[in-house]
Amino acid sequence: MQASITWIKSRRCESNACVEVAFTGDAVLVRNSTEKASPVLRFTTAEWVAFVAGVRDGDFDFGLIDERTSAAR
């Protein structure tokens with residue numbers, strides 16, 4: 001792993017038990033925010049774009065998100 005990678009967390013992560021994401025130019029990396037040495041998942045840019053689009057469309061809400069009470073973007 002490159003030392004110059006900048007990891008970011010969602011502003012909505014209040015418990016620090018979240019995931020961190022990094023963009024390397026040719027891949028998107030994802031890791032556990034509390035276990036820095038945990039395995040890192042690597043996605044192509046196209047895979048990440050498709051995933052984010054699915055999140056925005058609500059494909060992965062699993063009934064956990066109530067649109068009426070979720071925070072505005």
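A salt bridge here is a side-chain nitrogen of Lys or Arg within 4 Å of a carboxyl oxygen of Asp or Glu. By that rule, this structure has 3 salt bridges. One caution before we go on: the model is predicted.

Let's take the charged pairs in turn. Start with R31 and E20. Their side chains meet in a salt bridge, 2.7 Å from N to O. R31 sits in strand β2, residues 28–32, and E20 in strand β1, residues 19–23, so this pair ties together parts that are 11 residues apart in sequence. Are these two buried or exposed? R31 is buried, at 14% relative accessible area. E20 is buried too, at 6%.

E20 has another partner. K36 meets E20 in a salt bridge, at 3.0 Å from N to O. K36 lies in the loop between β2 and β3, so here the parts tied together are 16 residues apart in sequence. K36 is partly exposed, with a relative accessible area of 45%. Put together, E20, R31 and K36 are linked in a network of salt bridges.

R31 also has an aromatic neighbour. R31 lies over the face of W7, 4.1 Å from the ring centre.

Now the remaining bridge. R42 pairs with D26, and their closest N and O atoms are 3.5 Å apart. This pair links distant parts of the chain: R42 is in strand β3, D26 in the loop between β1 and β2, 16 residues apart. Both R42 and D26 are exposed.

On to the rings. How many aromatic pairs does a search of the whole structure find? The search finds 3. Take F43 and W48. Their ring centres are 6.2 Å apart and their planes are at 45°, so the pair is tilted. F43 is partly exposed, at 29% relative accessibility. W48 is partly exposed as well, at 22%.

W48 also pairs with F51. That pair is tilted, with 5.4 Å centre to centre and 45° between the planes. Both residues belong to helix α1, residues 45–56; being 3 residues apart, they are separated by about one helical turn. F51 is partly exposed, with a relative accessible area of 38%. Ring pairs link F43, W48, F51 and F60 into a cluster.

Last stop: the surface. F51 and F60 come up again here. Along with V55, F62, L64 and I65, they make a nonpolar surface patch of about 650 Å². Where is F62? F62 lies in the segment after α1. F62 counts as exposed, at 68% relative accessibility.

Terms used
Residues numbered from 1 in each chain as written. Predicted model: local features only at pLDDT ≥ 70, side-chain atom pairs only at ≥ 80, totals over all residues. Heavy atoms only, no water. Phe/Tyr/Trp six-rings, centres within 6.5 Å; stacked < 30°, edge-to-face > 60°. Buried < 20%, exposed > 50% of the residue type's maximum accessible area, 1.4 Å probe, protein only. Helix = DSSP H or I, 4+ residues; strand = E, 2+ residues; numbered from the N terminus. Lys NZ or Arg CZ within 6 Å of the ring centre and 35° of its normal. Patch = residues over 30% accessible without salt bridge, like charges linked within 9 Å, V, L, I, M, F, W, Y side chains within 5 Å. Areas by Shrake-Rupley, 256 points an atom, 1.4 Å probe, with all protein chains shown as cover.
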